[in-house]
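Thanks for asking me to look this one over. Here are my notes, in numbered points that you can follow with the model open beside you.

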There are 2 protein chains.
Amino acid sequence: MPRERRPQSRRPAVDDGRARRRSVVEQVADRLTVAELDERGLLQRIFPRLGTARAAAVPVGPGDDAAVVAAPDGRTVVSIDTLVEDHDFRLRWPGGYRTTGFDVGWKCAAQNLSDVNAMGAEATSLVVSLTLPGGTEVAWVEDLADGLRAALDELGAPRCAVVGGDLGKGPALVVTAAVTGDLGGRAPVLRSGARDGDVLAVTGSPGQAAAGLALLESNHAYDGLPAPLKDLADAQSRPVPPLALGPLAARVGAHAMMDVSDGLVRDAGRLAAASGVTIELDSAALLPFARSLRAAAELAGADPLAWVLGGGEDHGLLAAFGPDSALPDGFTAVGRVYDGDGQVTVDGASPGAAGWDHFAG
Amino acid sequence: MPRERRPQSRRPAVDDGRARRRSVVEQVADRLTVAELDERGLLQRIFPRLGTARAAAVPVGPGDDAAVVAAPDGRTVVSIDTLVEDHDFRLRWPGGYRTTGFDVGWKCAAQNLSDVNAMGAEATSLVVSLTLPGGTEVAWVEDLADGLRAALDELGAPRCAVVGGDLGKGPALVVTAAVTGDLGGRAPVLRSGARDGDVLAVTGSPGQAAAGLALLESNHAYDGLPAPLKDLADAQSRPVPPLALGPLAARVGAHAMMDVSDGLVRDAGRLAAASGVTIELDSAALLPFARSLRAAAELAGADPLAWVLGGGEDHGLLAAFGPDSALPDGFTAVGRVYDGDGQVTVDGASPGAAGWDHFAG
């Protein structure tokens, strides 16, 4: 995981006004709820924060019935992803961490950008739909806009901007974004291209977001966590998809690719099924990831290898490369591809038998 | 409004299985809820109904992290729109009408297709995100898929298909779609191009969806409504954007265009503000629309001209044409454009003064 890109603090890196000493008028304004503004009033507060004008790839930005986005090679990658309160995040976790609007905006952008990355493409636009309970504070929504923008800036999506959206009321926070992307003339890297003999590789350190989820769901106070464990919790709240590596893998000829959003074994199984192959994961390659989660696992009373094998939401990449390709920097080999019928094994056995105790005990 | 394209019955035109005599197994299967299926199981029921394979414009359809859609002129139109239960529709209206999954799928597609139409473009793909309460019946979701597909077929979007989506649980039904579109080499028609001397024109008969909403919200039983009033209620549940007319208006050189989703006066005000002009609506041109709603207005105790001026969700087009252009078939002149500052008047007066009693009394 490119640690240098991880946002360094829980406060947004962009100036959201909180860094300044705030006037009483500003503080009162912050307690405004969305029920007190019409759609136009809310949009007027959001759009200036998005910096949409910067994106040269956008011939027509927000303000019309639709935007117009450049698609230089005559194709557009497109995907959609949703975050729902109490299903994909909690506004307040048992350990006391309060999910900020910034977190939700960041994660919404990150998971959409990751889908484009997994095709080997670069993101060119986001459109965002917000369903908001009437009591949502306007400041929370502004913070969400800041999180969207910060994710585009800090994750490395310089050609992408928020070009439009939709706002409405509802009984819970539901944040949906759709993303477009540009393949730059390359073929998209699909799930279905893995072949017998390929090397299976991942980016980052799978299991971190799952470890973070366990910490957030635990009764251990977030504020009291040691910094490395706070970083894991932050990996859950603000995932860091490696946006340079998707196009790089495509350029060096990756045979198959997807992002790891639902867990290594489950997602490898999807890739195996789409490609009509069997994937054999190598525990020796996975144990270093598990070892790095040992402190969190001890605190949470969990099996770190289960996080590595089953944890989702890291939004790293899983890719198959030909046996003679050098793996690009940022990828770690974790297994091999064989002719088969969609199975995933660990050292040749069912992943259900794989556990930290078994391997490390 | 192209009446011949209006779906002719409340039952879907495509075979959703209900037209057949159903086996006991099928009837029990219909009572399955989404809580009883995993995402994969639900997707396996939805995707075959969407007929995605038919769309030649889709190089990569569902099944990968993102789809790839053709963008032949090097640009993509993109927009997003959401429907929320109890805000954008009721599952059961006071008059007894039960909103079907088919209705919601249709309306979701229609409002997104309308945004592309309003730019003068043709839709090339939809991605759809469904947030579903656990108790939602699987059959309702299948019906929604049928409604999406029927809207693409019957509204006339032959190049468009559902190419991907996202499924998740939530406390209320939230249906979001994002749409891409192809301008076919033409310039997009923006809200900002209206000029002094232009003729302002609309498609269809504004106010029908608002009349339909009033009927659905009234205590008059839907099943007892005369056929013409049922048609109005259906215009609310299943709007019919005139998809041939957006690209046609663009080809003949419309100066400005948008869809009428929030009401004629409000949307004309947006067009006027974006263009820096004043729009003068002509009551003589609007009265025939109001007259056609007289029976509904009497039943609902409402002012039909208020529906024409203020009613939203018809998803017809509002466009400005140069004074020397012949209006394309399907457009009706309703006013003129003058130099100004974003005002909208009716016969030179504030629209607030305009009412059926005033003009028709």
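1. A word on terms before we start: contact here means heavy atoms within 4.5 Å. With that in mind, the cover over the buried residues of α5(A) includes α6, α10 (294-300) and α11 (304-310) of chain A. Please keep in mind throughout that this is a predicted model.

2. Let me stay with that helix. Seven of the ten residues of α5(A) are buried, so the helix is largely enclosed by the rest of the structure. If you want to find them on screen, the buried residues are A:Q208, A:A209, A:A210, A:A211, A:G212, A:L215 and A:L216.

3. How do α5(A) and α6(A) meet? The axes of α5 (residues 208-217) and α6 (residues 227-237), both of chain A, come within 7 Å and cross at roughly 105 degrees. Angles of 65 to 115 degrees count as roughly perpendicular, and α5(A) and α6(A) are therefore roughly perpendicular to each other. On the α5(A) side the contact is made by A:Q208, A:A209, A:A211, A:G212, A:L213, A:L215 and A:L216, and on the α6(A) side by A:L229, A:L232, A:A233, A:A235, A:Q236 and A:S237. By type, the residues of this contact divide into nine nonpolar, four polar and no charged.

4. Now to a sheet that draws on both chains. Five strands form an open sheet with mixed pairing, in the order β4(A)-β3(A)-β5(A)-β2(A)-β1(B). At the edges stand β4 (161-169) of chain A and β1 (67-70) of chain B; each has a single partner strand, so one side of each is left without a neighbour in the sheet. Neighbouring strands here are turned by 20 degrees against each other on average, direction ignored.

5. Which way do β3(A) and β4(A) run relative to each other, parallel or antiparallel? Strand β3 (residues 122-132) of chain A and β4(A) run parallel and are joined by eight bridges. To pick out one pairing, A:S125 has A:A161 in β4(A) as its bridge partner.

6. Two helices of chain A pack on this sheet. Helix α3 (residues 101-117) touches β2 (75-84), β3 and β5 (174-182) of chain A, and its direction makes about 145 degrees with that of β2(A). Helix α4 (residues 138-155) touches β3, β4 and β5 of chain A, with its direction at about 165 degrees to that of β3(A).

7. Chain A has another sheet to look at. This open sheet has six strands in the order β7-β9-β6-β10-β8-β11 (chain A), and its pairing is mixed. Its edge strands, β7 (256-260) and β11 (344-346) of chain A, each pair on one side only.

8. A:D259 has A:L317 of β9(A) as its bridge partner. Helix α9 (residues 283-291) of chain A lies across β6 (199-203), β8 (277-281), β10 (331-339) and β11 of chain A, running at about 145 degrees to β10(A).

9. If you work with cysteines, a search of the whole structure finds zero disulfides over all chains. Buried means under 20% relative accessible area, so A:C160, at 0% relative accessibility, counts as buried. B:C108 also counts as buried, at 0%.

10. Finally, some totals for chain A: twelve helices and eleven strands, with buried residues making up 59% of its 361 residues. Among contacts in chain A with a separation of 6 or more, 85% come from residues 24 or more positions apart.

Methods
Residues are numbered from 1 along each chain as its sequence is written. Chains are lettered from A and ligands numbered from 1 in the order in which they are written. This is a predicted model: local features need pLDDT of at least 70, side-chain atom pairs count only at pLDDT 80 or more; totals for chains, interfaces and linings use all residues. Side-chain values use heavy atoms; hydrogens and water are left out. Axes are lines fitted to C-alpha atoms, for helices over the stretch in contact, and angles run from 0 to 180 degrees between N-to-C directions. Helices (H or I, at least four residues) and strands (E, at least two) are DSSP runs, numbered from the N terminus. Angles under 35 degrees count as roughly parallel, over 145 as roughly antiparallel, 65 to 115 as roughly perpendicular and the rest as oblique. Ala, Val, Leu, Ile, Met, Phe, Trp, Tyr, Cys and Pro count as nonpolar, Asp, Glu, Lys and Arg as charged, and the others, Gly among them, as polar. A disulfide is a pair of cysteine sulfur atoms within 2.5 Å. Buried means under 20% relative accessible area, exposed over 50%, partly exposed in between (1.4 Å probe, protein chains only). Two strands pair if DSSP finds at least two bridges between them.
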